[in-house]
Amino acid sequence: MPQAAQVSAWFTPTALMTGALFVAACAYVSSVYLIGDSRRRGEPEMVRYFSRRAIISGVVTGAFASGNLILLHGSAPFVFHRLIGPALPLVALSIAAGLATLVLVALQRLMLV
């Protein structure tokens with residue numbers, strides 16, 4: 001494969017969306033963990049600070065995941081069909097867990113997070 005083709009693969013819409021998805025997911029997980037750390041240290045102001053960021057980054061992560069699934073339909077049909085076929089129960093579990101965590105953060109049920 002020519003060098004230019006290898007480099008251009010990094011800049012396809014699917015590759016860029018996947019990268020953004022992973023950055024957003026890391027921000028989401030990090031902010032959820034920081035909520036627990038802030039609570040254990042008795043910092044209610046920081047709990048509120050990280051809660052807002054967790055909700056925002058969780059919503060952004062969900063949007064990127066949805067957009068990536070749409071992009072995979074056209075750019076990687078094999079992966080797309082495996083995700084909506086055999087892996088669908090795991091995809092559904094991932095969606096449910098993400099939504100449950102968002103709800104727990106919004107309701108400030110931090111002992112479960």
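The legends below describe several views of one predicted model.

Residues are numbered from 1 along each chain as its sequence is written. In this predicted model, local features need pLDDT of at least 70 and side-chain atom pairs count only at pLDDT 80 or more, while totals for chains, interfaces and linings use all residues; side-chain values use heavy atoms, with hydrogens and water left out.

**View 1. The whole chain.**
The chain has 5 helices and 0 strands, in the order α-α-α-α-α along the sequence. Helices (H or I, at least four residues) and strands (E, at least two) are DSSP runs, numbered from the N terminus. The radius of gyration is 17 Å, well over the 13 Å that the globule rule gives for 113 residues, so the chain is more spread out than a compact globule. This radius is taken over C-alpha atoms, and the globule rule is 2.2 Å times the number of residues to the power 0.38. Along its principal axes, the C-alpha trace spans about 55 × 30 × 15 Å. Of the 113 residues, 20% count as buried. Buried means under 20% relative accessible area, exposed over 50%, and partly exposed in between (1.4 Å probe, protein chains only).

**View 2. Helix α2.**
How many residues does α2 have, and what span should they give? The 28 residues of α2 should span 40 Å at 1.5 Å a residue, and the end C-alpha atoms are 41 Å apart, which agrees. The expected span of a helix is 1.5 Å times one less than its number of residues. The buried residues of α2 include Thr14, Leu21, Ala24 and Gly36. Those buried residues pack against α3 and α5, where contact means heavy atoms within 4.5 Å. Glycine 42 follows α2 and has a positive phi, near 70°.

**View 3. Helix α3.**
From its first C-alpha to its last, α3 reaches 45 Å with 32 residues, close to the 46 Å expected at 1.5 Å a residue. Among the buried residues of α3 are Ser51, Ser57, Gly58, Thr61, Asn68 and Leu72. The buried residues of this helix pack against α2, α4 (77–84) and α5.

**View 4. The largest nonpolar core.**
Which residues make up the largest nonpolar core? The 8 residues are Tyr28, Val32, Ile35, Val47, Phe50, Ala54, Leu102 and Val105. At least two residues of this core come from each of α2 (13–40), α3 (44–75) and α5 (88–106). A nonpolar core is a set of buried Ala, Val, Leu, Ile, Met, Phe, Trp, Tyr and Cys residues joined through side-chain atoms within 4.5 Å. In soluble globular proteins, nonpolar side chains tend to be buried together.

**View 5. Serine 38.**
Leaving aside neighbours within four places in sequence, serine 38 is in contact with Glu43, Met46, Val47 and Phe50.

**View 6. The salt bridge.**
The count of salt bridges comes to 1. A salt bridge is a side-chain nitrogen of Lys or Arg within 4 Å of a carboxyl oxygen of Asp or Glu. Here the side chains of arginine 40 and aspartate 37 meet, at 2.5 Å from N to O. The two residues are 3 residues apart in helix α2, so about one helical turn separates arginine 40 and aspartate 37. Arginine 40 counts as exposed, at 65% relative accessibility, whereas aspartate 37 counts as partly exposed, at 34%.
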